[in-house]
Amino acid sequence: MTDAPVVALLTDFGWKDANVGVMKGVILGIAPQARLVDLSHEVGPQDIREAAWLLGRAAPYFPRGTIFVVVVDPGVGTARRGMAARLGAHLVVGPDNGVATRLIERAEAGGGPLDFRALDQERFWLPEPSRVFHGRDIFAPVAGHLANGVRLAEIGSPFTDPVRLDLPGPVETAHGLQGVVEYVDHFGNVRTNIAGRDLGGRETIRVRVGDQTVPGLTAAFGERPAGDLIALIGSAGDLILAVVNGHAADRLGCRVGDGVEVFWD
């Protein structure tokens, strides 16, 4: 191939061990022209929901045809299915455990193509795969072959029942909305499953997490002094809670899954 396909890696491996580098070596050994991107390797250990959130947020900014290799795989070595899938404009390779849920939903909403393949063609794996490192022995080589132009249909048998996470949206209440904390980012910002569009253009709102309430929306972090607890619409269009130059999750004592309430004023 003359093109240089993008292969983006998302794992919970961290950086201390050589696992990420080994996967890159396998991909480059098969497709030396591939352009490798580290999406993140700091997903919480075995945290499938966090991986799904990060993949769903990042993928739309990548070029058409990008191959995402997602290895957050607590079921490695069990009967869980390995998967390669075309989801709209992109390809995803990894365990069929829900990590691709948000991309599946996005492709369905946009009317894009969906094609799911079970990784059952061993000729596209490394020889004698380990039971505990499918990232190296199955997912990375499959991604390399796809980057080399192997058609998705050759990679494995079709299926139509991918595992999906239950990702409910906010619920309307008599006074506003009820949502949940979806993600806590590197800065301690608390990201919710309530989108800016769910507010219906309202800015005079109150947001409550636990026993703390934030009045109104702030347009940008720098509009308020350091230490203030604020609510604003983040870069992904989601309602977030933040402490200016601080850590909101610690201040609020909250974690993923905790409730968030919005009150119309």
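Which residue follows α3, and is its phi positive or negative? Select G111: this residue comes after α3, and its phi is positive, near 70°. Please bear in mind throughout that the model is predicted.

**Stop 1: helix α3**

Now select the whole of α3, residues 101–110. Colour T101, L103, I104 and A107, which are buried residues of this helix. Around the axis they cover an arc of only 165°, which places them on the same side of α3. To see what covers the buried residues of α3, display α2, β4, β5 and β6, which are among the covering elements.

**Stop 2**

Next, select β4, residues 82–87. Of the 6 residues of β4, 5 are buried, so this strand is largely enclosed by the rest of the structure.

L87 has H90 in β5 as its bridge partner. The hairpin of β4 and β5 has 2 residues between the strands, and in this hairpin G88 takes a positive phi near 65°.

**Stop 3: strand β3**

Select β3, residues 67–71. How many of the residues of β3 are buried? The count is 5 of 5, and the strand is mostly covered. In a regular strand, side chains alternate between the two faces of the sheet. In β3, I67, V69 and V71 point one way, while F68 and V70 point the other way.

Two parallel neighbours can be shown with β3. Strand β1 is joined to β3 by 5 bridges, and the two run parallel; L9 stands opposite V69 in β3. Strands β3 and β5 are likewise parallel, with 3 bridges between them, and I67 stands opposite L91 in β5.

**Stop 4: A8 in strand β1**

Select A8, which is found in β1. Is A8 buried or exposed? With a relative accessibility of 1%, A8 counts as buried, because buried means under 20% relative accessible area. Leaving out residues up to four places away in sequence, A8 touches V37, F62, T66, I67, F68 and V69. A8 and V69 are 61 residues apart along the chain, yet their C-alpha atoms are separated by 6.1 Å.

**Stop 5: the nonpolar cores**

Select L10, L55, F68, V70, L87, V92 and F116. In the largest nonpolar core, which has 31 residues, these touch the most other members. At least two residues of this core come from each of β1, α2, β3, β4, α3 and β6. The largest share, 7 residues, is supplied by α2.

Centre the view on V70. Setting aside neighbours within four places in sequence, V70 is in contact with L10, L55, V92, V93, G94, P95 and V99. Then select V71, L91, A147 and V150, which are included in a second, separate core of 28 residues.

**Stop 6: aromatic rings**

How many aromatic pairs does a search of the whole structure find? The search finds 4. One of them joins F62 and F68: the ring centres are 5.1 Å apart and the planes stand at 75°, so the pair is edge-to-face. Both F62 and F68 are buried.

Another pair is F116 and F159, with ring centres 5.7 Å apart and planes at 40°, so this pair is tilted. F116 lies in β6 and F159 in β7, so the pair ties together parts that are 43 residues apart in sequence. F116 is buried, with a relative accessible area of 8%, and F159 is buried at 10%.

Finally, display two arginines. The charged end of R81 sits over the ring of F159, 3.7 Å from its centre. The charged end of R202 sits over the ring of W264, 3.9 Å from its centre.

Methods
Residues are numbered from 1 along each chain as its sequence is written. This is a predicted model: local features need pLDDT of at least 70, side-chain atom pairs count only at pLDDT 80 or more; totals for chains, interfaces and linings use all residues. Side-chain values use heavy atoms; hydrogens and water are left out. Rings of Phe, Tyr and Trp (its six-membered ring) pair if their centres lie within 6.5 Å; planes under 30 degrees apart count as stacked, over 60 as edge-to-face and the rest as tilted. Buried means under 20% relative accessible area, exposed over 50%, partly exposed in between (1.4 Å probe, protein chains only). Helices (H or I, at least four residues) and strands (E, at least two) are DSSP runs, numbered from the N terminus. A charge sits over a ring if NZ of Lys or CZ of Arg is within 6 Å of the ring centre and within 35 degrees of the ring normal. A nonpolar core is a set of buried Ala, Val, Leu, Ile, Met, Phe, Trp, Tyr and Cys residues joined through side-chain atoms within 4.5 Å. Contact means heavy atoms within 4.5 Å. Two strands pair if DSSP finds at least two bridges between them. The arc is that of the directions from the helix axis to the C-beta atoms.
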